Amino acid sequence: MNNDTQVELKAVRQQVLANTQVLQNLIPPTVSYTTEGNVLIIGPEDLARLAADKLSDMGKLAILANESITSQDEAHLEKVMSSAEHVESFYNKLIEIKGFLGQFQVKVDAGSDTASETNAVELSMVAIRKAHFDLILDLSQSPCINLEMLPPGYFFVGQDEAKLADAIAQLPDLIGEFDKPRYVKVNSELCAHHRNGIDGCNRCLNFCPADAIQSIDKMIEIDPYLCHGAGSCTNACPTGAISYDLPTPQALHSYLHKLVTRFREQAQTAPVILFHDEANGATLVGEELPGDIIPVALEEITVASMDHWMSALAWGARQILVLNTEATAPTLTQMLQGEHKLANDILDEMGQPQRISIIDESTIGDLTAQLETSSNWPMIVPGEFTATTKRNTLYAAIDHLNEQAASVDTCLSQSNIPYGKVSINSDKCTLCLSCVSTCPTQALTDGGDKPALHFVEQDCVQCGLCESACPEKVISLTPQMNFDKAQRQQRQTLKEEAPFDCIRCGTPFATQSMVQRMLEAVGGHSAFSANTERLKMCSDCRVKDMFEDILQDPEKQLR
């Protein structure tokens with residue numbers, strides 16, 4: 001591609017980006033932090049005291065000395081002794097740290113009479129007479145909080161002088177009240193985590209690098225004060241119960257659609273979408289980026305999930321690039337790699353090129369080879385579908401991309417994916433419909449007035465709730481991506497049978513198989529042994545028959 005063409009493409013890109021905005025809430029939901037600047041410094045006492053001496057503008061200070069001093073040099077020790085003389089040091093064993101900016105709870109062992117017991121106390125109450133610390137400066141060799149994404153207000157600098165200087169410069173600015181976006185929201189009605197006393201999906205719990213997600217009283221709750229907006233939970237959630245709120249999934253889809261459509265119209269070529277994070281990735285993306293690449297900044301790269309990748313391709317982008325940097329949390333990288341592999345496996349199965357690539361800091365500077373390769377791939381005629389729910393949008397994109405390639409009707413089988421089918425052993429199923437009552441997406445439904453069990457594969461998230469709820473243990477799950485659109489969207493009948501009519505009033509009240517199962521299971525019980533025919537009656541007629549029997553022979557029940 002010659003220089004003149006590049007200049008033209010860059011001009012188009014600049015115009016498209018300038019005229020296209022992500023639709024945001026005018027008043028986005030936020031959470032607030034309030035701090036007085038009270039700091040706990042953890043680490044070797046000599047380094048902690050020297051650091052405390054530089055924080056005279058902060059509120060109350062305390063030192064938790066958890067490691068040996070770093071030097072026995074006489075001059076060094078004299079300097080330490082004359083530093084922060086008003087700050088008290090504590091030497092207790094650290095038990096745990098919980099919280100966030102303005103609300104850190106630090107428990108230490110105050111010692112006890114018996115060696116086997118732990119006397120836990122709140123260090124802030126002892127050290128500064130406050131219910132909590134506002135900030136923590138950690139100079140330990142390893143962070144005292146073992147998380148990939150540390151809570152706001154917690155500065156782990158180790159013994160890196162540059163990081164320490166940067167933290168000391170930032171700390172005075174963290175006094176007062178601060179607002180942060182409430183990045184995600186949870187719709188418990190859609191959540192497949194727990195229903196009717198049965199545990200199901202745990203995907204979001206497995207991928208939060210900030211430990212902001214918990215199962216509380218069997219419901220998924222996200223602590224907005226700990227949440228960094230990584231987006232891994234929204235990416236992992238198969239039902240869309242957890243959704244990003246800044247931007248919303250629909251807003252991001254709309255933004256991508258406009259970017260791709262407008263660029264194609266003005267440049268007469270298909271663009272490449274480059275997702276990057278707003279912090280580290282943004283510093284690597286500059287004006288020298290080739291003109292046919294459109295950068296899309298996100299809070300974290302995992303905010304955009306496979307439905308965004310696939311829909312951008314289906315709307316006419318020729319390739320998706322995701323810029324992953326060393327600053328990305330390992331959990332996010334693991335998730336990204338898993339989604340990347342699945343997405344390209346799906347493209348492979350339908351006969352599309354592998355249009356999705358993860359790039360890093362070493363390759364962002366020279367994308368010539370990748371762009372030359374993708375420029376020779378078959379062009380995608382833009383799809384006309386509109387983004388709706390996460391799941392339906394993904395399938396709409398996959399179906400369109402499939403139609404543009406080999407139009408396969410196969411099934412791609414992979415373990416541990418939230419797509420697939422439900423099968424039953426119809427000979428043993430009694431149509432009790434326990435599975436229907438636990439299904440969070442209504443992939444399983446009943447037959448209304450007729451005893452039946454129906455299933456729609458496109459709606460199944462493979463959460464396993466139906467399998468666990470089945471008292472007969474006749475349900476099995478098959479994770480797969482079904483490319484047969486008609487079959488996937490069709491309402492399949494897994495089981496149906498004629499109803500059993502009450503032998504007394506003729507009202508249908510159960511299935512044939514369920515009545516037979518009752519006769520086999522409890523027909524010999526003393527309560528029914530005298531008259532097993534009652535098992536063939538509806539509940540009303542059963543009660544009537546019992547009272548009629550008592551009226552005819554009042555003493556029968558005493559014998």
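Mentor: Gladly! Let's start with Gln-480, which is buried, since its relative accessible area is 7% and buried means under 20%. Keep in mind that this is a predicted model.

Trainee: Where does Gln-480 lie, and what does Gln-480 touch?

Mentor: Gln-480 sits in strand β25, residues 475-482. Leaving aside residues up to four places away in sequence, Gln-480 touches Cys-411, Leu-412, Ser-413, Ile-417, Tyr-419, Gly-420, Lys-421 and Glu-457. A touch here means heavy atoms within 4.5 Å.

Trainee: Why is Arg-534 called buried?

Mentor: Arg-534 has 10% relative accessibility, and the cut-off for buried is under 20%, so Arg-534 counts as buried. You will find Arg-534 in the loop between α16 (526-529) and α17 (539-552). Its contacts, again not counting residues up to four places away in sequence, are Arg-542, Asp-545, Met-546 and Asp-549. From Arg-534 to Val-16 the C-alpha atoms are 75 Å apart in space, and the two are 518 residues apart in sequence.

Trainee: Now the aromatic residues. What makes Phe-100 and Tyr-225 a pair, and why is the pair called stacked?

Mentor: A search of the whole structure finds six aromatic pairs. In this one, the ring centres of Phe-100 and Tyr-225 are 4.7 Å apart, and a pair needs centres within 6.5 Å. Their planes are at 10 degrees; planes under 30 degrees apart count as stacked, so the pair of Phe-100 and Tyr-225 is stacked.

Trainee: Which parts of the chain does that pair tie together?

Mentor: Phe-100 is in the loop between β5 (93-98) and β6 (105-109), while Tyr-225 is in the loop between β15 (219-222) and α6 (232-236), so the pair ties together parts that are 125 residues apart in sequence. Tyr-33, Phe-100 and Tyr-225 form one aromatic cluster.

Trainee: Why does Asn-416 count as exposed?

Mentor: Asn-416 has 64% relative accessibility, and exposed means over 50%, so Asn-416 counts as exposed. Asn-416 is in the loop between β21 (411-413) and β22 (420-424). Its phi is positive, about 55 degrees, although Asn-416 is not a glycine.

Trainee: And why is Asp-217 called exposed?

Mentor: Asp-217 has 71% relative accessibility, which is over 50%, so Asp-217 counts as exposed. Asp-217 is placed in the loop between β14 (213-216) and β15, and Asp-217 also has a positive phi of about 55 degrees without being a glycine.

Trainee: Which residues lie nearest the centre of the largest pocket?

Mentor: Arg-203, Glu-339, Asn-416, Ile-417 and Pro-418, out of the 32 residues that line the largest pocket. The space in the largest pocket is about 650 Å³. The largest share of the lining, six residues, comes from α9.

Trainee: Last one: how do you know that β23 and β24 pair?

Mentor: β23 and β24 (residues 452-456) are joined over three bridges in the antiparallel sense, and two strands pair if there are at least two bridges, so β23 and β24 count as paired.

How values were computed: Residues are numbered from 1 along each chain as its sequence is written. This is a predicted model: local features need pLDDT of at least 70, side-chain atom pairs count only at pLDDT 80 or more; totals for chains, interfaces and linings use all residues. Side-chain values use heavy atoms; hydrogens and water are left out. Helices (H or I, at least four residues) and strands (E, at least two) are DSSP runs, numbered from the N terminus. Buried means under 20% relative accessible area, exposed over 50%, partly exposed in between (1.4 Å probe, protein chains only). Rings of Phe, Tyr and Trp (its six-membered ring) pair if their centres lie within 6.5 Å; planes under 30 degrees apart count as stacked, over 60 as edge-to-face and the rest as tilted. On a 1 Å grid over the protein atoms alone, a cavity is a set of points where a 1.4 Å probe fits but cannot get out, and a pocket is an open set with protein on both sides within 12 Å along at least five of seven lines; lining residues have an atom within 4 Å of a point. Grid points are joined across faces, edges and corners, and a volume is the space filled by probe spheres set on the points.
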